[in-house]
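This briefing covers a metal site, some backbone details and the pockets. Please have the sequence and the model at hand while reading.

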Amino acid sequence: MSSIQVKSNFIKSAFHLMGDFVTLFFPNHCLGCSSSLYKGEDILCTRCILELPKTKYHEHVENTIKARLTGRLPLTYAMAFLQFRKTGVVQHLLHQLKYNNHPEIGVRLGKIYGKELADSDYDKAFDLIIPIPLHKSRRRTRGYNQSAKFAEGLSSTMNIPWDESIAERKIKTTTQTRKTKTERWENVRNVFYIKHPERIINKRILLVDDVITTGATLEACGHELLNHGCSEISIACIAEAQ
Ligand SMILES: [Zn+2]
């Protein structure tokens, strides 16, 4: 890494730390850019919302996420709200959501995306929203499941119920970050358990996750739901990693 890169990474970290400090003590600041929020703005400023890198996959039924899971999980719709890049506002927001105790970001992004989906009539396409479950111990440490927060936001603007108690993660998995596609599948294939199959019989499920990479987690959980009697599976993620 060159000294210029080191310096620029240092400035970026310092900027984000400063932003974390500002938003911790002054909650009326945007969690994307730390600028002051105007009346009517909630969690994110208008500029950050307008600049979010949207995929618009809901306008293209055949998209790269659906292609990624072809032959692995039969899907009705496959969508992601945003494009994930290693730097930039989406990475920053997801980091705040997962590691800095800001569950409200998940709800806010879910509300924005749910409104867009409802405007395209997707509010009639699903009966129930289910988030990918976290293992109990991880949920306890974090205090919430970030995917459930996104589900909660989607539910409020799509007017579709959500339920985080149907599926459970029975095995605590190690991080998927440095694993190959095959290792990721081996890591998650038997970890999900459907606790309340009676609640999904013949239902069109929208399964929700934070970031989709290979799709192994969604594939494993989706198969469990299909094996227990739901009629269709669709997926919606906060962001798509390349
Ligand atoms: Zn902002």
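In sequence, the donor residues of the zinc ion follow the spacing C-x2-C-x11-C-x2-C. Donors here are N, O and S atoms within 2.8 Å of the metal (3.2 Å for Na, K and Ca), and since water is not among the atoms, sites may look incomplete. This is a predicted model, in which local features need pLDDT of at least 70 and side-chain atom pairs count only at pLDDT 80 or more, while totals for chains, interfaces and linings use all residues. Residues are numbered from 1 along each chain as its sequence is written, and side-chain values use heavy atoms, with hydrogens and water left out.

**Zinc site**
- The SG atoms of C30, C33, C45 and C48 coordinate the zinc ion at 2.3 to 2.4 Å.
- The site is tetrahedral, with angles of 107 to 114° among its 4 donor atoms; the term requires four donors with all angles between 85 and 135 degrees.
- C30 counts as buried because its relative accessibility is 1%, where buried means under 20% relative accessible area, exposed over 50% and partly exposed in between (1.4 Å probe, protein chains only).
- C48 is also buried, at 11%, whereas C33 is partly exposed, at 29%.
- The whole structure holds 0 disulfides, a disulfide being a pair of cysteine sulfur atoms within 2.5 Å.

**Positive phi**
- S34 is not a glycine, yet its phi is positive, about 70°.
- S34 sits in the loop between α1 (3–25) and α2 (46–51); helices (H or I, at least four residues) and strands (E, at least two) are DSSP runs, numbered from the N terminus.
- N202, in the loop between β4 (192–194) and β5 (204–212), has a positive phi near 60°.
- N202 is exposed because its relative accessible area is 61%.

**Pockets**
- A pocket is an open set of points on a 1 Å grid over the protein atoms alone, where a 1.4 Å probe fits, with protein on both sides within 12 Å along at least five of seven lines; lining residues have an atom within 4 Å of a point.
- The largest pocket is lined by 37 residues, with K98, Q176, T177, V211 and T213 nearest its centre.
- α4 gives the largest share of the lining of the largest pocket, 5 residues.
- The lining of the second largest pocket includes P133, H135 and K195.
- β3 (167–169) gives the most to the lining of the second largest pocket, with 3 residues.

Notes
Tetrahedral: all angles 85-135°; square planar, octahedral: opposite > 155°, others 65-115°.
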